[in-house]
Amino acid sequence: MNGNSQTEDYENLMAELELICDESKQGSSFYDFMSAGYKESSRHFLTSSSDLAVAAIQPGGEEDLAEILQVIGKYKAPFAVKSGGHSMTPAFSSTRGIQISMTRFDKIKYEESESGNLLHVGAGCLWGAVYRKAARHNVGVVGGVEPGVGVGGLLLGGGYSLKSSRLGLGIDNIQAFRIVTPKGLILEVSDKSTGEDKELFNALRGGANNFGIVTRFTLKTHPQTMTYGAKLMIPSGEDREQEVKQAIMDHITNEKRNTAVIEIGFRHVLTPGNTAPEYTISANCVLDAPKPKDESEVPFAAFRKIVGDSWNDSSNPGGPWNPVLAAVNTQCFGAPPKAGGAEGTLASSQLVERSSDPGFREMTFREMHLLSDHTYNVASFRRGELYPVKMESEASASQAQASKNETGADVDDLATLLEEGVSLLSDFVTEAILPLIDYEGIFKPIAEVLVDLGTSDLALFVPSVQTQSAMPVQQTPRGANGSGGPQPPLPPIDNLGETNLRGRFACIMVSNYTEALVAEVARQAKRASKLMAQNSGRLVVIEVWPFHPSIFDLSQPDAAWPHKPGDPYSPLIASFRWERPADDEFWLKEMNRSLDAILAVAVREGCARTDMPRYLNTSLETVPVGMIYGGKAQLERLGKVRARYDPDDVMSRTGGFKIPLPEKNSA
């Protein structure tokens, strides 16, 4: 770097970046180490994927971003680009160099057009905000399952969605990209582009951050109706596992609609103070349509039966009450009081009369997404660690719905902000808002919602808050993706992650599921859970997420991430979390061990091939880039496109699966 020492290089680099921001007419900001803006820009979902950048910057516009990227390239400094910060892979969107946060690219604009209505979405948006904007126009988009996930990372990596069975991947529903290239060009490319622009458009469809920094996505919209379904937590997984596995196969075998989706997690949680993990099975059941009027057409019959049987259980009148819990919102679950027990007086027959599908209800698509966070929450659902809150009558609930808390704010509005992951408010809420909240005013309005869960006289069970021990961020110096460049020593910051845990996503790809494959998923989750107590494990989840065979029927050719009509596949995802940095290697090996065993069964059952491209967004960092993009020929094609827009290899200094540039001596 110009022959200077690393310290001098960084001082010069930061001085130039700070000057860009000082002179900016677009509102860009430079944040030095330890500032509040620095922490906001650097924090990620987990501690293990949050890193200690030397400085952070929030560009306010494309012109400033072009200058910033050219300065970073000039100094050959490592950097990272963060959209929502939900990546669980270290050094993919975090860095020891310059952290670029796209948070100011947060505009969402709806556009009506004769060829189809569009939604222009900034790369710094979270999906919760996108769904809220779309709902105002009665449309939906193909996006992330969890509302706190960032738009940029999900769409550039492919974008499996609750709508994918019907509408394809996120990258199949992008009409245009705006991008800033390392050479400082500001381009817009679309599905109507031709020549080199069309090649870049296709390269961005799953090509991640290899070609520059995308600033805006133009998404196709689709008419949106009410949805029907539920988010369930099924306790006593050991006792109910077989019934759930049968329900999964019933759905796969008999459900032909591409609007009906299930996402099942075999979920083991070890909370502080317990010596054995709790086994619950999460079930996300979503019909992207209103509830059918004909009872015989209502989906998820096997799952509705599981809930109904548990809510009406009279087999153990003197024993513990252990019903399936149905999510009310992002914080609360509903279940009826035990029939004839101390917690309530409703008889089982009354519950049956009140609802034929307890726990399920119609809701907006945005509401459905808000319930999806629960699968990966490290919270206990043990009956002894939940507490009941008695609901008021429907009349009282209606009166209370209009009530305000002592601050004069609408509690539901505050809850909505929190649900959409505005984590920066957490300290303020804890210190200033919570002491003022009228809890009775919060829970009374929920009673009206619970009417749709089968009865208005339910007890509400809320997971107890779990305390997570503090851990320092690992301090091993490294460049982004192993690249060179200066790495000045920095002190640790406790709790830089939104969740003070370590962890990863990992996956294999499957085309369908059989009984043997589903059984192996459950078995491997159980096997790994037995290792948690001795190795600081907190969460083991392995998912079954079957898609309709028509998932790729609308896909267009030449996307960077290979997928074509008639050859469906989707990720079978594992998510493990743990506490100690010293256990990183152990858990990464165990994740691979579990997935290797599952893959062997999937291949034997005809549910997988070893040549299926891995899903970028949930693959471990050890997966070869050729396995992501489908082999050498695809990498060579994409490498030629990359050479056109990044000839100096600037984007190799940020993290992720890097598409190599062509050899300089090649023709």
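Below is a short chat about some residues in a predicted model.

Q: Which residues gather in the patch of negative charge on the surface?
A: Six names make up that patch of the predicted model: Glu-18, Asp-22, Glu-23, Asp-32, Glu-63 and Glu-67.

Q: Which elements give two or more residues to the negative patch?
A: Helix H1, residues 6-22, and helix H3, residues 62-75.

Q: And where is Glu-23 placed?
A: Glu-23 sits in the loop between H1 and strand S1, which spans 29-32.

Q: Is Glu-23 buried or exposed?
A: Glu-23 has a relative accessible area of 59%, and it counts as exposed because that is over 50%.

Q: Switching topic. Where does Asp-106 lie?
A: Asp-106 is in the loop between strand S4 (98-101) and strand S5 (108-111). Its relative accessible area is 40%, so it is partly exposed.

Q: What joins the side chains of Asp-106 and Lys-107?
A: A polar contact of 3.4 Å.

Q: How far apart in space are Asp-106 and Val-121?
A: They are 7.2 Å apart, C-alpha to C-alpha, with a sequence separation of 15 residues.

Q: OK, on to Val-521. Which helix is that in?
A: Val-521 belongs to helix H16, residues 515-529.

Q: Buried or exposed, that Val-521?
A: Val-521 is buried, because its relative accessible area is 0% and the cut-off for buried is under 20%.

Q: How far apart are Val-521 and Glu-543 in sequence and in space?
A: Val-521 and Glu-543 are separated by 22 residues in sequence, and their C-alpha atoms are 7.5 Å apart in space.

Definitions and conventions: Residues numbered from 1 in each chain as written. Predicted model: local features only at pLDDT ≥ 70, side-chain atom pairs only at ≥ 80, totals over all residues. Heavy atoms only, no water. Patch = residues over 30% accessible without salt bridge, like charges linked within 9 Å, V, L, I, M, F, W, Y side chains within 5 Å. Areas by Shrake-Rupley, 256 points an atom, 1.4 Å probe, with all protein chains shown as cover. Salt bridge = Lys/Arg side-chain N within 4 Å of Asp/Glu carboxyl O. Lys, Arg positive; Asp, Glu negative; His and termini not counted. Charge placed at Lys NZ, Arg CZ, Asp CG, Glu CD. Helix = DSSP H or I, 4+ residues; strand = E, 2+ residues; numbered from the N terminus. Buried < 20%, exposed > 50% of the residue type's maximum accessible area, 1.4 Å probe, protein only. Polar contact = N/O pair within 3.5 Å; in protein donor to acceptor, adjacent residues only side chain to side chain.
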